[in-house]
Amino acid sequence: MADKSHIAVLDTSLIDRLPLSSKTLFEAKASKSLTFESIAKELGRSEVAVAALFYGQAQASASDVAKLSTILSIPESKLGEQLLGFPDRGRAGPMPPVEPLIYRLYEIVQNYGYAYKAVLNEKFGDGIMSAIAFSTKVEKETDEQGNNWAVITLRGKWLPFTRF
């Protein structure tokens, strides 16, 4: 069990934009005081992938459903009904985002997007980084002065544009 003050819960302003499974999963997660990290360890997935499942932004497998049922004490049949369809990605929040942390991520792309593009094009040629053949992780780093730094790694397969 984790400190309840450090448990991510569902922002009620998003409920109308999210699938029914989000409410089910977040309520069970909160009642057991579980972090995404602890759930991820039991599922054998990354914590970002697990959070994406909770927001309906990733597809669950039958194995995910069975394990989540056990971890969260939710009937497997209920989770199966709610999680085994295809996700409807990208509808969780408004654009531009209004939640400050999400807005800062958006702002990073606004400010550095073309710089990333130029550097990536120089290194890889004309193409795009996949968000499908993709992985990401979040790490916490503390410097010598005790300042905490967020380290977000984005790892996507490079997809060159094809000539037609």
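A: Start with spacing along a helix. K41 and E37 lie 4 residues apart in helix α2 (residues 36-43), so about one helical turn separates them. Helices are DSSP runs of H or I with at least four residues, strands are runs of E with at least two, and both are numbered from the N terminus. This is a predicted model: local features need pLDDT of at least 70, side-chain atom pairs count only at pLDDT 80 or more, and totals for chains, interfaces and linings use all residues. Residues are numbered from 1 along each chain as its sequence is written, and side-chain values use heavy atoms, with hydrogens and water left out.

Q: What do K41 and E37 form, and how far apart are the closest N and O atoms?

A: Side chains of opposite charge can pair when their charged atoms come close. K41 and E37 form a salt bridge, with the closest N and O atoms 3.9 Å apart. The cut-off is a side-chain nitrogen of Lys or Arg within 4 Å of a carboxyl oxygen of Asp or Glu. K41 is exposed at 64% relative accessible area. E37 is partly exposed at 43%. Here buried means under 20% relative accessible area, exposed over 50%, and partly exposed in between (1.4 Å probe, protein chains only).

Q: How many salt bridges does the structure hold?

A: It holds 4. One of them joins K23 and E27 at 2.6 Å, N to O. These two residues are 4 apart in helix α1 (residues 20-31), which means about one helical turn between them. K23 is partly exposed at 38%, and E27 is partly exposed at 47%. Another pairs E107 with R104, at 3.2 Å between the closest N and O atoms. E107 and R104 are 3 residues apart in helix α6, again about one helical turn. E107 has a relative accessible area of 26%; R104 has 48%.

Q: Which residues touch the most other members of the largest nonpolar core?

A: In soluble globular proteins, nonpolar side chains tend to be buried together. Of the 26 residues in this core, L25, I39, F54, L68 and L72 touch the most other members. A core is a set of buried Ala, Val, Leu, Ile, Met, Phe, Trp, Tyr and Cys residues joined through side-chain atoms within 4.5 Å. Elements giving two or more residues are α1, α2, α3 (47-54), α4 (62-72) and α5 (76-83). The largest share, 5 residues, comes from α3.

Q: Which residues is F54 in contact with, leaving aside its neighbours within four places in sequence?

A: They are S22, L25, F26, K29, F36, I39, L68 and L72. Contact means heavy atoms within 4.5 Å.

Q: Which residues make the nonpolar surface patch?

A: The patch covers about 1000 Å², and its members include L101, I102, L105, Y112, F134 and L154. Patch residues have over 30% relative accessible area and no salt bridge; like charges are joined within 9 Å, nonpolar side chains (Val, Leu, Ile, Met, Phe, Trp, Tyr) within 5 Å. Helix α6 (100-124) and strands β1 (127-142) and β2 (148-160) each supply at least two residues. α6 gives the most, 6 residues. I102 sits in α6 and is partly exposed at 46%.

Q: Where are the domain bounds?

A: Domain 1 spans 12-84 and domain 2 spans 100-160. The bounds come from an automatic or database domain assignment. Taken over C-alpha atoms, the two domain centres are 26 Å apart.

Technical notes
Areas by Shrake-Rupley, 256 points an atom, 1.4 Å probe, with all protein chains shown as cover.
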